[in-house]
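Here are my notes on the two-chain model you asked about. Have the structure open while you read, and go through the points in order.

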Amino acid sequence: MTASRSITRFFAALLVLCLVGSILTLRRLDRLRASATLEEVLYLPSARVLRYLSFGYTGLMANLYWTRTVQYFGRRHGERAARFDLLPPLLQITTDLDPHLVVAYKYGSIFLAQEPPEGAGRPDLAVDFVEKGIRANPDDWQLYYHLGFVHFIERKDYIAASEAFRRGSEVPGAHPWMKVMAAAMAQFGGERETARRLWTYIHQSTEDQYIRANAVKRLRALEVDDAVPRLEERIRLYHQRTGLWPESWNQMIVDGFLRGIPLDPLGLPYKLMPGGRVEVQKPEDLPFIRHGLPQGLAPSLFAVPDKANADKAKEQEKQ
Amino acid sequence: MSARLASIAFNTFREAVRERVLYNLIFFALLITAASVLVGQISIGIERIVLVNLGLSAISLFGIVIAIFIGIGLVWKEMEKRTLYTLLARPVRRWEFIVGKFLGLVGTLVVNAALMAVGFFAALYYLVHAFDRSDLHLLAALYFIILQFIVVTALALLFSSFSSPLLSAVMAFALFFIGSFAEDLRAFAQMSEGAARWLTVAAAHLVPNFASLNVIAQVAHQQPVSADLMLANTLYALFYAGAALCGAVLIFERRNLK
């Protein structure tokens, strides 16, 4: 064996040894510095400082921070953590570095809004965060959708949700359902006049048969929601004056409390129930109504009222 | 053998000094003096943090730039000037040439870093008027910076053993940049699936991990550096530099110098 060949063999063996050694020590380093990436964030909490350090490559740095945000959220979520302390600053840094990183606002708002351990349980911060995204990207209708979603699902503020969907529906290119959502939220939140205006506009302007049919159902529901409380008020007045509950509409007509038998939007007479309550005859054909439902049925935002919704609503009330 | 290695190493050091490499110390002195005087006037409460971040980052970056620019020319220049043939005609083996060059450049960088460290501690003393126990952590950061130099020098030598200086510089800087985000790269690897996972895992293990060798931000906040980390980083840097150096030797051994 020549000296050159033995040197080659020696260094080749040493190379393999060193590579194996470096990989093994790297694994040890990974264990030692498991959360180092995120700890560094604490040391650099300012997007301005990071902007200088990135030498102008702020987009790249923002992508890196967004990835770190997702990793952090994923790790904490996996641990079923109750606190997500680094999530708000990470999201702020990411979007300060790149205010047009729309994906960060969309998913970030969901991360922030959901209750722990699904999220940070901070819908207030989620709202501020998406509003920040909207200021930077006013032409992105989906951000308004996410804002409305946070108001609707996490904050149960239907009026604010309606307003968010309405603002988004005015953005050029917005999905037609944004108007539908705005109207539905207003209706569910008790803003019947706003809802009626929006549904009427949708009915007149849409070319989508399904949306138009939905608008008709919504307008019918609004009609019921107007009529039933009015009728119940008349019945209470009857009770105050006579001391009796009316047994039929005819009785009220004869005594001058009504001009004719009240009909629902389907053309069917309302049912006069004991105790002065009024119900519709076919609630399954009048989805979205909030008044006039048979006892045991709860109002539903999207579906035909049913027993399951009623139980769920009762449970939520208890909580 | 050790005499030949020492001779090559010493000559490499002398050549680097002759090439006015240590002139960077003047820039460093100016930078650190200006920082220590000015930082108190433009910020509140973070004077020490800024000085430590700036000083240690400058020591690290200056050294890495020197390591790359001198390292990529170590083999190429000797071939270009034809001094390599004279050298190899003597009883000097090729691997001794590579290892000697490596030791010489690392020695230059250590001396350079040590002089900068003296200036840095002087500036820090001027700013805070007294040292405390937590300032010992700064030495750990300096030690890690020297480990960075060892890895970068080995990589520069590896590239210069088979490539042109320009290409070697580009590759070395690219690897330094990627290596600074090595921990993110490994996180990406964990998140990917299938063949992409294997590829990213392999890449993540081959790329030098400069991220774990950078504790500047940590010591700027007077956070301690664990003995475990020091040991693991030392082993890692030696293994990685050893692998790169072996690669350089193997390539150079087979290189046709005619």
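**Notes on the model**

1. Let's start with one leucine: L127(B) counts as partly exposed because 17 C-beta neighbours fall inside 10 Å, and 20 or more would be needed to call a residue buried. Keep in mind throughout that this is a predicted model. L127(B) sits in helix α6 of chain B, which covers residues 94-128.

2. What is the rest of chain B built from? Its secondary structure amounts to 12 helices and zero strands, so if you page along the sequence you pass one α after another, in the pattern α-α-α-α-α-α-α-α-α-α-α-α. Chain B has 258 residues, and 42% of them count as buried. Looking at contacts in chain B between residues at least 6 apart in sequence, 85% link residues at least 24 apart.

3. Now the inside. The largest nonpolar core holds 82 residues, and those touching the most other members are A67(B), I98(B), V152(B), A154(B), L155(B), A172(B) and L245(B). Which helix gives the most to this core? That would be α7 of chain B (residues 136-160), with 16 residues.

4. On to where the chains meet. The contact uses 25 residues from chain B and 27 residues from chain A. On the chain B side, the elements giving two or more residues are α9 (182-191) and α12 (227-254). The largest share of that side is from α12(B), at 15 residues. Sorted by class, the chain B side that touches chain A has 13 nonpolar, seven polar and five charged residues.

5. Chain A has its own make-up: 14 helices and two strands. It has 319 residues, of which 36% count as buried. For contacts in chain A with a separation of 6 or more, residues 24 or more positions apart account for 47%.

6. Have a look at one helix pair in chain A. Helix α8 (residues 141-154) and helix α10 (residues 177-188) of chain A pack at an angle of about 20°, and their axes are 11 Å apart. Because of that angle, α8(A) is roughly parallel to α10(A), the cut-off being under 35 degrees. The crossing of α8(A) past α10(A) is left-handed. From α8(A), the contact draws on W141(A), Y145(A), G148(A) and F152(A), and from α10(A) on M178(A), M181(A) and M185(A). By class, the residues of this contact come out as six nonpolar, one polar and no charged.

7. Two loop residues in chain A deserve a glance at their backbone. R80(A) has a phi near 55°, a positive value in a residue other than glycine. Where is R80(A) found? In the loop between α4 (58-78) and α5 (87-97) of chain A. R80(A) is exposed because it has 9 other C-beta atoms within 10 Å, and 12 or fewer is the limit for that label. K156(A) also has a positive phi for a residue other than glycine, near 55°, and it is in the loop between α8 and α9 (158-169) of chain A. K156(A) is partly exposed, since 13 other C-beta atoms lie within 10 Å.

8. Last one: is R76(A) buried or exposed? R76(A) belongs to helix α4 of chain A, and it counts as buried because it has 21 C-beta neighbours inside 10 Å. Setting aside neighbours within four places in sequence, R76(A) is in contact with A81(A) and F84(A). Its C-alpha atom is separated by 9.9 Å from that of L87(A), 11 residues away along the chain.

How values were computed
Residues are numbered from 1 along each chain as its sequence is written. Chains are lettered from A and ligands numbered from 1 in the order in which they are written. This is a predicted model: local features need pLDDT of at least 70, side-chain atom pairs count only at pLDDT 80 or more; totals for chains, interfaces and linings use all residues. Helices (H or I, at least four residues) and strands (E, at least two) are DSSP runs, numbered from the N terminus. Two residues are in contact if their C-beta atoms, placed from the backbone, lie within 7 Å. Ala, Val, Leu, Ile, Met, Phe, Trp, Tyr, Cys and Pro count as nonpolar, Asp, Glu, Lys and Arg as charged, and the others, Gly among them, as polar. A nonpolar core is a set of buried Ala, Val, Leu, Ile, Met, Phe, Trp, Tyr and Cys residues joined through C-beta atoms within 7 Å. Axes are lines fitted to C-alpha atoms, for helices over the stretch in contact, and angles run from 0 to 180 degrees between N-to-C directions. Angles under 35 degrees count as roughly parallel, over 145 as roughly antiparallel, 65 to 115 as roughly perpendicular and the rest as oblique. A crossing is left-handed if the near helix is turned anticlockwise from the far one by less than a right angle, and right-handed if clockwise.
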